Amino acid sequence: MAEYEVVIGLEVHVQIKTRSKMFCSCANVFGAEPNTMVCPVCMGYPGVMPTPNHEAIRKTIMAGLMCDCDIPSYSKFDRKSYFYPDMPKNYQISQYDLPLCLRGRIHISGKGFSGEELPDKYIGLTRIHLEEDVAKLNHLGRTSGVDFNRAGVPLMECVSEPDMRSADEAYAYLTALKQIMQYGGISDCDMEKGQMRCDVNISLRPFGQKEFGTKIELKNLNSFRAVHRAVNYEIARQSELLDAGEKLRQETRGWNDDRGETYLMRTKEQAHDYRYFPEPDLMPITLDLKRVDEYRRQLPELPEAMRRRFVADYGLTPYDAQVLTMEKALAEYYDCGAKLTKSPKTLANWIISDLLCELSASGQTISACPVTPEHLAAMIDMIDAGAINNRIAKTVFAEMASSGKPPRQIVAEKGLAQVSDEGAVIPLVEQAIAANAPQVQQYREGNEKVVQYFVGQVMKLSRGKANPQLVIKLLKERLDG
Amino acid sequence: MSNNTNIDVGYVAQLARLDLDEPTRNRLQHDLEAIIGYIDQLNELDVGGIEPTAHAVPLSNVWREDVAGASFERSTMLQNAPAVIDDELIKVPKVLPGEEM
């Protein structure tokens, strides 16, 4: 099989989180009863007038600023003509030649989805434009049912440059884009709710060739993993055809996730001709530098900046920082706890090893987690202060996760406080020594490792509560004496 | 009557998912050519040196704040639907998944 260079560009639709829809005041909510969040505007009745939602425009510009885009001073809406039951007015209000954001870039680096190292590079963003989402079609056997709750939800389309060269790079770009949108409060990007949707343009060319190969568009990709799989499937499929000397034709293909393969949806002959023209019902948007700077000042801290800060201020490894900033809610959880404890690195370890396991086991999200950052930080300070040992901390943590109680209360209620009182530990040490004469003999013959055995015995007698340092000290005094 | 042939009614009808019989197509071809021919008079104007505008009205940034209001009753909104499913979805002929945006 010959080797080809893969060229990938992505078109990502992201629903903007607002209270109301793009051009009317119906609520922007997911999961309501069908056709209950509707009005004549979003159902496309003749003669209605759209009024743009300022917040959707502001958030689109914020998204553009976070992706290093230029914000042109003049922007407008256009009508994109197309005929399909999900848009009964027969056009979608979108933006054609003067979008809100132009020429951005998104950084990718680190370990890729397949485990291989990614190149450290920027993926260009051609544009981000703002449009209205369309109705949802439910395909039911011989008919289709239309639900307009989604129609008119503000929707951004983020178009990348054809800068990606592997499935891993596409996956990393999507992850970075999603992170930015979530950090900026632009969108929750929940793909299961259709808040983020992705189309892939992919072509192959022999290495060294300048011109792009024949572009194939992939649709119906419902997860980042599906994008990764579909890209790799297409690389294999197209390579095979090119190797056999066949000429590819420009076409749109769907992805069947169950079968793990793409299928033909339409060829170029059936391609759309959208006949864009300026939307006469909407006034253009003008943005002076002052307003753009005002938006710029509202930008939140981005994941990359947060990672750098976690490493510099809290002594984390780049890996720790990477894991903790995967999701904004987790990063904020850690940041909140780290400010409260003197051992932020220990806190990171507990979150990465214990808390994340607990969350994946219980299927909970970090925001619904009963263990608050305040409680976890308090528990770590209790370990540091010697109030509990690491072993007991595991028990306290499990109890915090199930009851949501603060650690001090759990320790008090369950009598888990570490015993550092010599008077209480000495009888246990003596009992352990008296009951294990052969091990005492071994120790005195020079096998110092036997101390650990005695520590274990004393811990058992104390039901895990004895202070391990104190136990070792008392054991040595007696065994050596 | 102009000789304008910049419109292919058959193609536009196909884009609009309209099935036109031949007499109708011929009539529309004739009418639309006349309309376009009329508008073509604008090409006689010299617009050199005039800034292109996206809109005739000198207004911009006409928008509303993000406040959700009440929606219409579903039963009211579905009154004009040709057919419904379970009184909650608008029933349309089966369309192929994947043709949507």
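Mentor: Lys405(A) is partly exposed, with a relative accessible area of 27%; here buried means under 20% relative accessible area, exposed over 50%, and partly exposed in between, with a 1.4 Å probe and protein chains only. This is a predicted model, in which local features need pLDDT of at least 70, side-chain atom pairs count only at pLDDT 80 or more, and totals for chains, interfaces and linings use all residues. Residues are numbered from 1 along each chain as its sequence is written, chains are lettered from A and ligands numbered from 1 in the order in which they are written, and side-chain values use heavy atoms, leaving out hydrogens and water.

Lys405(A) forms a salt bridge with Glu413(A), their closest N and O atoms being 3.0 Å apart. A salt bridge is a side-chain nitrogen of Lys or Arg within 4 Å of a carboxyl oxygen of Asp or Glu. Glu413(A) is partly exposed, at 48% relative accessibility. Elsewhere, salt bridges that share partners join Glu234(A), Arg237(A), Arg249(A), Glu251(A) and Arg253(A) into one network.

Another pair is Glu332(A) and Lys328(A), with 3.7 Å between the closest N and O atoms of their salt bridge. Both lie in helix 7 (residues 328-338) of chain A, four residues apart, about one turn of the helix; helices are DSSP runs of H or I, at least four residues, numbered from the N terminus. Glu332(A) is partly exposed at 41%, and Lys328(A) is partly exposed at 24%.

Arg309(A) and Glu301(A) also meet through their side chains in a salt bridge, at 2.9 Å from N to O. Glu301(A) is partly exposed, with 32% relative accessibility. Over all chains, the structure holds 39 salt bridges.

How values were computed
Helices (H or I, at least four residues) and strands (E, at least two) are DSSP runs, numbered from the N terminus.
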